[in-house]
Amino acid sequence: MVAVIEERLAAVRRRMAVAADRVDRDPGGVALVAVTKGHPPEVVERAYAAGQRQFGESRAQELTEKFEALPADIDWHFIGPLQRNKVRRVRTAVTLLHSLDRVELAEAWLKGPGRAPPVLLQVHLGGEATKQGFDESEVEAAVDRCEALGVTVRGLMTIPPPANDPDDARPWFRTLRRLRDVVRDAHPEVTELSMGMTGDFEAAIAEGATIIRVGSAIFGPRSR
């Protein structure tokens, strides 16, 4: 299993480098977050042994268990919907929250000891009722409001509608990049674009992703 995960990680990194090279980007400008949802800590340890240090979780309880069981130098990212009553356990574990989807969550995110980790605003671009996030027209005001509250906004995140062809996601990725560029004019610190998963991360890199979130291409199907 160690060799399998090592080989899959290497394959993903090669694909990242090729995708970046096609559009004259530095592959070092794209961070790989390995998504561990549904995989036990021992599987994460194998990816860690293969050199991976940034991992993503979308369930607060699972994040807490892995945070406590795994090496302290892991950079944990929370990438799923977050309820206000779960903020405290997530806030103490992560280096970046990808899924701040409402101003009320920003207010809750500030509560707790020390400085709150930075966040990305989740942007709802596909019109799907099952997904959360700020509408495109709300993003600039949301960044203003979060920054006024004292939340550090580092960028934007989106999950496009499912598609059979990865290129079908490119318009959504392109829209997020353009929106980030507009926001960055007033907030230079808003630089990150978290977009692209196992099925479409190469298209996301072509459109400017700075963070991709990849699970099954590294770990295979979830065990739970």
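Which residues does S99 touch, not counting residues up to four places away in sequence? Select S99 and find out. This is a predicted model, in which local features need pLDDT of at least 70, side-chain atom pairs count only at pLDDT 80 or more, and totals for chains, interfaces and linings use all residues. Residues are numbered from 1 along each chain as its sequence is written, and side-chain values use heavy atoms, with hydrogens and water left out.

**Stop 1: S99**

S99 sits in strand 4, residues 94-100. Strands here are DSSP runs of E, at least two residues; helices are runs of H or I, at least four; both are numbered from the N terminus. S99 touches F78, I79, G80, P81, L105, L120, Q122 and M157. Contact means heavy atoms within 4.5 Å. S99 counts as buried, at 1% relative accessibility. Buried means under 20% relative accessible area, exposed over 50%, and partly exposed in between (1.4 Å probe, protein chains only). Now show G80: the side chain of S99 reaches its backbone oxygen at 2.5 Å.

**Stop 2: helix 3**

Select residues 60-69, which form helix 3. A60, E62, L63, T64 and K66 are buried there. Their cover includes helix 2 (41-49), strand 2 (54-57), strand 3 (75-78), helix 4 (87-91) and strand 4.

Stay on E62. E62 is buried at 4% relative accessibility. Its salt bridge with K66 has the closest N and O atoms 2.8 Å apart. A salt bridge is a side-chain nitrogen of Lys or Arg within 4 Å of a carboxyl oxygen of Asp or Glu. E62 and K66 are 4 residues apart in helix 3, so about one helical turn separates them. K66 is buried too, at 1%.

R59 is partly exposed, with a relative accessible area of 33%.

**Stop 3: other salt bridges**

How many salt bridges does a search of the whole structure find? The search finds 13. Select R180 and D181: their side chains meet in a salt bridge, 2.8 Å from N to O. R180 is buried at 8%, whereas D181 is partly exposed at 28%. Then select D167, R170, R174, R177 and E207, which are linked in a network of salt bridges.

Key
Polar contact = N/O pair within 3.5 Å; in protein donor to acceptor, adjacent residues only side chain to side chain.
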